[in-house]
Amino acid sequence: MHTKFSLSICLGIIAGSMGMAASAQAFSFTTNFTEDLIGPNAAKGDIWLNSVEFGGTTVSNFGLVDRVNILHNDLWTGGNSGAGSADRGDLAEGLVQELLIEEGAVTALGNLNLNNIIDVEDRGSFSMNVWFDQAVDNLFFWERGRNSAMTIQAIDDVGNSIGNLLTINSRNWNPAGFGLNTVEISGTQPVGSLGVSLADLGLSSAIAGVRVSAEGRSLFNGPDWKVVGSAASVPEPGTVMGLGAIASGMLVSSRRKKSQKA
């Protein structure tokens, strides 16, 4: 269990249950990246995320996926059957795994290589919980093809859903500035990007992870996706201990005063 998230998650649960989060709208961002290859091969090679920019802010400190729980994934039995699988660019580093296991999903998602993704078949149905290696306060999604939808909902340390269930549709996303040509497909497809804030998720404090799902219907159309989070600003352990020391000192002082009055 990621106990380092406990304080922030508790605050998020309280905010969500009390309806404190303001209504909001997912946001656009700029992807700053480096392509290892050039020309037609750029979409086949490693594409490294450097930073993202939105609202006058540049983010380069990311929370990366380090744990996955596959709740449901249509079984792959060969060909284009099944749902989610690990995919990578034809000339990129990374994993190709049709019969996806949880460790494989972590390998695909838990890095800054934008050409390592979860590829979902058009009629496939899946749902998985993904947790980050640190608390995050914004989510950055990329979807290859710009033709699919998925539902997302924040989760706590143990996988309980919190906040709002949100459907995001990449048909409306802005271009990310690069394309991908992976093992699963035969040509380059454009990539879209979308940012999701805590307010979009109905929360007001940092989260541990997110549940990503899609149903096997034409609306969802098999999203091929990647997600990272922006590392949240949380109190340093020394700061928390300091606050405890102050509280302890105030309690001792109060007891002394009561003793003197007695």
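Q: Which strand gives the most to the lining of the largest cavity?
A: In this predicted model, three strands each supply at least two residues of that lining, namely E8 (126–144), E11 (174–180) and E14 (225–231). The strand that gives the most, with 3 residues, is E8.

Q: What volume does the largest cavity have?
A: The structure holds 1 cavity of 30 Å³ or more. For the largest cavity, the computed volume is about 40 Å³.

Q: How far apart in sequence are the parts that the pair of Arg-144 and Asp-119 ties together?
A: Arg-144 forms a salt bridge with Asp-119, and the closest N and O atoms of the two are 2.6 Å apart. Because Arg-144 lies in strand E8 and Asp-119 in strand E7 (residues 116–120), the pair ties together parts whose separation in sequence is 25 residues.

Q: How far apart in sequence are the parts that the pair of Asp-224 and Arg-144 ties together?
A: Asp-224 also forms a salt bridge with Arg-144, with the closest N and O atoms 3.1 Å apart. Asp-224 lies in the loop between strand E13 (207–214) and E14, whereas Arg-144 lies in strand E8, so this pair ties together parts whose separation in sequence is 80 residues.

Q: Which residues are linked in a network of salt bridges?
A: Arg-144 pairs with Asp-119, and Asp-224 pairs with Arg-144, so that Arg-144 takes part in both salt bridges. Side chains of opposite charge can pair when their charged atoms come close. The residues linked in the network are Asp-119, Arg-144 and Asp-224.

Q: Is Arg-144 buried or exposed?
A: A residue counts as buried when its relative accessible area is under 20%. For Arg-144 the relative accessible area is 1%, so the residue is buried.

Q: Is Arg-217 buried or partly exposed?
A: The side chains of Glu-215 and Arg-217 meet in a salt bridge of 3.3 Å, N to O. Glu-215 is partly exposed, with a relative accessible area of 39%. The relative accessibility of Arg-217 is 44%, which lies between the cut-offs of 20% and 50%, so Arg-217 counts as partly exposed.

Q: What percentage of contacts between residues at least 6 apart in sequence join residues at least 24 apart?
A: The protein has 3 helices and 14 strands, and of its 262 residues 48% count as buried. Among contacts between residues at least 6 apart in sequence, the part that joins residues at least 24 apart is 76%.

Q: Over which residues does pLDDT stay under 50 while the model has 1 contact beyond four places in sequence?
A: The mean pLDDT of the protein is 85, and 80% of its residues reach 70 or more. Over residues 1–23, however, pLDDT stays under 50, and the model has 39 contacts beyond four places in sequence for them. Where pLDDT is low, the predicted coordinates should not be read in detail. The stretch with 1 such contact, where pLDDT also stays under 50, is residues 235–262.

Methods. Residues numbered from 1 in each chain as written. Heavy atoms only, no water. 1 Å grid on protein atoms, 1.4 Å probe; cavity = no way out; pocket = protein on both sides within 12 Å on 5 of 7 lines; lining within 4 Å. Points joined across faces, edges and corners; volume = space filled by probe spheres on them. Helix = DSSP H or I, 4+ residues; strand = E, 2+ residues; numbered from the N terminus. pLDDT = per-residue confidence, 0-100. Contact = heavy atoms within 4.5 Å. Salt bridge = Lys/Arg side-chain N within 4 Å of Asp/Glu carboxyl O. Buried < 20%, exposed > 50% of the residue type's maximum accessible area, 1.4 Å probe, protein only.
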